[in-house]
Amino acid sequence: MAKYSNPFRALRNKNYTLFWIPQSVSLMGTWIDTTLRGWVAVNLFPEDKAAGFIGLIAFLKGFPTVLLSPVSGVLIDWFGPREVLFLTQLADAINATIMAYLVSKNILTPVQLLLLSVLMGISGSFYLPSRNTFIGNIVPKSHLPNALALHSMIFNVARMVGPSIAGFVVKYYGLTFGFIVNALSFVPLLVVLPTIPLKYEHIPPSKRAFIADLKDGIQFTVKNKTLLVTFASLMIYAFFGMPYSMLMQAFAKSAVRTDLVGYGLIMGSMGLGAFIGALVAGGMEPEQVISVREEYLILLIGVSTLATSIFPSIAYIMSFINGAAQTIFFNITNSRTQFVSPGNMRGRTMSLYALISTGASPTGTFIFGLIGNVIGIKNAYTILAFVMISYFFLRRTIVNHKIKSNN
């Protein structure tokens, strides 16, 4: 019988709790902000152009990751994840403040929105690898999968509640107030983060050689078969799975035929599913987490996406399934990557992880947003679904072939 442990055990770690609580506040503000920016983008253009513009915003937020994630990994290994993480949060707080000002003055333009998206992409390039590496260094390895699951939990509680709050904020207080809330939500984390002690294997200044360190990180990843397989699955999900939620604003408006409140309920359903998924993943022991076959989760996500494309009205239900599978998928791939990476290499492997997850997803969203403009957003979802389902059967075929070859 599989062993199931306390899903909140990482909170016994004082330093992790100090980080987890203010990060929860920050993530709530972030999801309010994300929802409002997307809705602003939808209403800046006609319905038949909205999906493409949302995709462009996602692409511009993710494109810096392609260029900067490997760089961020080296800098994290040089200076430490806490310092890099602090700067990313400060940059995002300033970005939110600028957004609040432009909206309050009613002078926001598409160009300004795109520029702010690029700036968010730059800070995001450093955020994901520094955050994951930071968590990996304030908890023992035995608690790492649980700590990552708990972070997924608060992320998805924020995703569950944030869009719904955003809908009511717009209705009763206006857009500006929502962006101000996000800017203020960074303050607790910025105050607490410098006080959390961190033991990290810095690369000594005398041994720092940027190109050489960058090359070492890439070579380590390429030579590790476990990482290669993990990153292949991550690429498929990020490129073809993530557009499900990232294009949902356009899908909700044109296919489900609902408003911002309805969109908030769909994303709330996805967040609830992700919360349940985080509870499941958080209760599993490390060896159980890293041994789960992630291609089955990609299959489940593909099937839920296909069902949504055929019957848009069940998006509220399918989003729950999609969210649960997504959270378990990320917990598996994130934990596995950190477990097979030595301490002085973790920043670089996690930066490559971020390169794929936050680089491929906006690229896929941009491409399929444009495809949605041409053939309809429902048909774009159908293509996404078939690719993920096909990947599952390809992986199973390869595995079965290897088993037969070994026999």
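Leaving aside neighbours within four places in sequence, with which residues is Q89 in contact? Q89 is in contact with Q23, S26, Y127, F186, L189 and L190, where contact means heavy atoms within 4.5 Å.

## Basis of the report

This is a predicted model, in which local features need pLDDT of at least 70 and side-chain atom pairs count only at pLDDT 80 or more, while totals for chains, interfaces and linings use all residues. Residues are numbered from 1 along each chain as its sequence is written, and side-chain values use heavy atoms, with hydrogens and water left out.

## The chain as a whole

The protein chain holds 17 helices and zero strands. Both kinds of element are DSSP runs, numbered from the N terminus: helices are H or I with at least four residues, and strands are E with at least two.

Of the 407 residues in the protein chain, 57% count as buried. Buried means under 20% relative accessible area, exposed means over 50%, and partly exposed lies in between (1.4 Å probe, protein chains only). Among contacts between residues at least 6 apart in sequence, 88% join residues at least 24 apart.

Q89, the subject of the opening question, belongs to helix α3 (residues 81-104). With a relative accessibility of 3%, Q89 counts as buried.

Y16 is part of helix α1 (residues 14-44) and is buried, at a relative accessible area of 0%. If residues up to four places away in sequence are not counted, Y16 touches A10, L11, I135, I138, V139, A147, L150 and H151. Y16 and I138 are 122 residues apart along the chain, yet their C-alpha atoms are separated by 6.3 Å.

## A149 in helix α5

Helix α5 (residues 144-172) contains A149, which is buried, with a relative accessible area of 1%. Residues up to four places away in sequence aside, A149 touches A278, A281, G282 and N331.

## Helices α9 and α15

Helix α9 (residues 225-241) packs with helix α15 (residues 315-339) at an angle of about 150 degrees, and their axes are 10 Å apart. Axes are lines fitted to C-alpha atoms, for helices over the stretch in contact, and angles run from 0 to 180 degrees between N-to-C directions. The helices α9 and α15 are therefore roughly antiparallel to each other. Angles under 35 degrees count as roughly parallel, over 145 as roughly antiparallel, 65 to 115 as roughly perpendicular, and the rest as oblique.

The crossing of α9 and α15 is left-handed. A crossing is left-handed if the near helix is turned anticlockwise from the far one by less than a right angle, and right-handed if clockwise. On the α9 side, T226, L227, T230, F231, S233, L234 and Y237 meet N322, Q326, F329, F330, T333, R336 and T337 of α15. The residues of this contact comprise six nonpolar, seven polar and one charged. Ala, Val, Leu, Ile, Met, Phe, Trp, Tyr, Cys and Pro count as nonpolar, Asp, Glu, Lys and Arg as charged, and the others, Gly among them, as polar.

## Helix α11 and its surroundings

Helix α11 (residues 248-256) and helix α12 (residues 260-282) have axes that come within 10 Å and cross at roughly 125 degrees. That makes α11 oblique to α12, and their crossing is right-handed. M248, Q249, A252 and V256 in α11 meet Y263, I266 and M267 in α12. The residues of this contact divide into six nonpolar, one polar and no charged.

Seven of the nine residues of α11 are buried, so α11 is largely enclosed by the rest of the structure. The buried residues are M248, Q249, A250, F251, A252, A255 and V256. Just after α11, R257 takes a positive phi of about 60 degrees.

F251 is also one of the residues touched by S309, which is placed in helix α14 (residues 294-310). S309 counts as buried at 3% relative accessibility, and its side chain reaches the backbone oxygen of L306 at 2.7 Å.

Key:
A polar contact is a pair of N or O atoms within 3.5 Å; within protein, one must be able to donate a hydrogen and the other to accept it, and residues adjacent in sequence count only if both atoms are side-chain atoms.
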